[in-house]
Amino acid sequence: MMKEINDIQGIAGQAGNDTHKMTGSQALLESLLHEGVDTIFGYPGGQAIPIYDALYDCKDRLNHILVRHEQGATHAAQGYARVSGKVGVTLVTSGPGVANTITGIADAMMDSTPIVVIAGQVPSNLLGTDAFQEVDVIGVTLPITKWAYQVRHAEEIPWAVARAFYIASTGRPGPVVLDIAKNAQVGVMDYRPVTIDHIRSYIPVPDMEPERIAEAAQLINEAKQPLALVGQGVILGNAEKELLDFLRKADIPAASTVLGLSALPSDEPLNVGMLGMHGNVAPNLKTNECDVLIAIGMRFDDRVTGDLNSYAKQAKIIHFDVDPAEIDKNVKADVPVLGNAKETLVEVTKQLKENKHTTWREAFEIPWKREVQAVVNKEIYPGTGPLNMGEVVHRVSEATGHDAVLVTDVGQNQMMGVRYFKFKQTRSVVTSGGLGTMGYGLPAAIGAKFGAPDRTVCLFVGDGGLQMTIQELGTIMQSGIDVKIILLNNSFLGMVRQWQELFWQERYSETVMDNPDFVRIAAAYRIPGRVVEAREELDDAIREMLETKGAYLLEARVVQKGMVYPMVPAGSGITNILLGDEA
């Protein structure tokens, strides 16, 4: 086995010359430090005790955040990764410990978030015996990871860590799981750092094809009504500047997916809003009117496209993506452009003509004005009645100068958050997109603050989602982390209730929430808070929250049966938009 490991290391990586004798657990921590890790989110247990014992002597070099549940550790790692651009790291024990990370791993896979989940495992001689707290981690996680590997010997650890970080962070990012047997943790080895920058048969970024670049540029140059769809791939590829150069040279209006929102500043003139089920009217309508549709780092999710049979049939499709598996998966591309957007956008931009599409861009204003009149003004400037979710989001965004990190849970709070929060800089949206995980918000906000300690982090969460991971208030208390929690409390599972009202004859089956006193619960965790119901008190409450040093819980009692509009009913064409009165 030793010969095989040495052969693997020799082929796949470059190892340092200096060696130091240490345990596998110590080698694991040294390998993490070698990868630039500064923060770990975790929870100890029996099969991870050797690693945690080694961590005891490493506290001055590695910041370990003790969460209250392993799912919270994965979501915190996701939040950290999303705002920092680094790989998030989670450390847990075997059995139920690693099983509790499954939701977070699946979420990271859906949203292309780079995390490495490290789990303790029973000794290798007990594998397959149904030993206490043994779970087939590789079998369970292989379908929802980029790579999952079981370490059975201490000597494998430096190579496995280097490979894990390389796979998690390159190409289309995603989660990796390392399952480390206890004997590998305590075994003694000669440690030397390993760096991996190439893996045979793994091609994270496909080669650009010059003919495709030329075809894309020609289509765009000939277009009369081009529309760009901006996804998170722009952010993951650090291609925000290249995107702006591309759009401005050809004068192309651009709409964003939920995860791609902060790739463009909210006030950029070419930014025409959000796509999808609860997106803006103008870009949804114009998707079915444009002559060239340019998808950049997005995967044509069903919440963006609606019914594929009626989606953008009139348009030529150009699809920029780093992952060949996304090409033609949902929408047939006339011109696929493979590669990292940071490079492919530059090459296409070189071949673009300076252009103006003034009449086409102005055509977005009419449906936008219709949306403002029918929905937006009523949501953020209601004037009378109970508070609306949208006005709370809008006022918080205004108070932070549109320069905070938005974190949301899932449901109506999420859609209101992404609709009415505004952004000045990239990596400002942390939300569960593909999997739609309730309970994501609170731990993700913790991770986001560690990933961007100098930025204000505002979490918008519903009463349902907060209670799924409310124990992480203990993590906030112990770590002293400054997270501003805005609870949009409507005493319902709001999004499910909205669907029940619109499509299930108002049969509100199990969506009414009988809630506790959230402010008193927060106080038990030494987190100050306040309830606000009156509109005239909202600005003062927001000011108090933002001026309070440390964490704060602002509970906004909002209208119980509020709705999120616009809305494209599931399975309908993207232009079949409900604005409220027609619902």
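Predicted model: local features only at pLDDT ≥ 70, side-chain atom pairs only at ≥ 80, totals over all residues.
The lining of the second largest pocket consists of 15 nonpolar, 7 polar and 9 charged residues.

**Pocket**

The volume of the second largest pocket is about 760 Å³. Its lining counts 31 residues, and those nearest the centre are Ser266, Asn271, Gly273, Trp368 and Lys422. Helix 17 (365-380), helix 16 (358-362), helix 19 (412-420) and strand 13 (271-274) each contribute at least two lining residues. With 6 residues, helix 17 gives the most to this lining.

**Helix 2**

Helix 2 spans residues 24-34, and its buried residues are Gly24, Ser25, Ala27, Leu28, Leu29, Ser31 and Leu32. In an α-helix there are 3.6 residues a turn, so residues three or four places apart point the same way. Just after helix 2 comes Gly36, with a positive phi of about 85°.

The model holds 13 aromatic pairs. One of them joins Phe300 and Tyr311 in an edge-to-face arrangement, with 6.0 Å between the centres and 75° between the planes. Phe300 sits in the loop between strand 14 (292-296) and helix 14 (302-305), and Tyr311 in the loop between helix 14 and strand 15 (316-321), so this pair ties together parts that are 11 residues apart in sequence. Phe300 is buried because its relative accessibility is 2%, under the 20% limit. Tyr311 is also buried, at a relative accessible area of 4%.

Phe492 and Tyr508 form another pair, with ring centres 6.0 Å apart; the planes stand at 65°, so the pair is edge-to-face. Phe492 is in the loop between strand 20 (484-489) and helix 23 (494-503), whereas Tyr508 is in the loop between helix 23 and helix 24 (518-524), so the contact ties together parts 16 residues apart in sequence. Here Phe492 is buried, at 8% relative accessibility, but Tyr508 is partly exposed, at 22%.

A cluster of Phe41, Tyr80 and Phe450 is linked by ring pairs.

Two arginines lie over ring faces. Arg497 is over the face of Phe492, at 5.7 Å from the ring centre, so Phe492 takes part both in this contact and in the ring pair with Tyr508. Arg163 lies over the face of Trp147, at 4.9 Å from the ring centre.

**Backbone features**

Most residues other than glycine have a negative phi, and most peptide bonds are trans. Gln133 has a positive phi, near 60°, and is not a glycine. Its place is the loop between strand 6 (115-121) and helix 7 (137-141). Glu510 likewise has a positive phi, about 60°, without being a glycine. Glu510 belongs to the loop between helix 23 and helix 24, the loop that also holds Tyr508.

| Residue | Relative accessible area | Class |
|---|---|---|
| Gln133 | 26% | partly exposed |
| Glu510 | 72% | exposed |

Glu510 counts as exposed because its 72% is over the 50% limit.

The peptide bond between Tyr565 and Pro566 is cis, with omega about -5°. Pro566 belongs to the segment after strand 22 (552-557).

Methods:
Residues numbered from 1 in each chain as written. Heavy atoms only, no water. Buried < 20%, exposed > 50% of the residue type's maximum accessible area, 1.4 Å probe, protein only. Helix = DSSP H or I, 4+ residues; strand = E, 2+ residues; numbered from the N terminus. 1 Å grid on protein atoms, 1.4 Å probe; cavity = no way out; pocket = protein on both sides within 12 Å on 5 of 7 lines; lining within 4 Å. Points joined across faces, edges and corners; volume = space filled by probe spheres on them. Nonpolar A, V, L, I, M, F, W, Y, C, P; charged D, E, K, R; others polar. Phe/Tyr/Trp six-rings, centres within 6.5 Å; stacked < 30°, edge-to-face > 60°. Lys NZ or Arg CZ within 6 Å of the ring centre and 35° of its normal.
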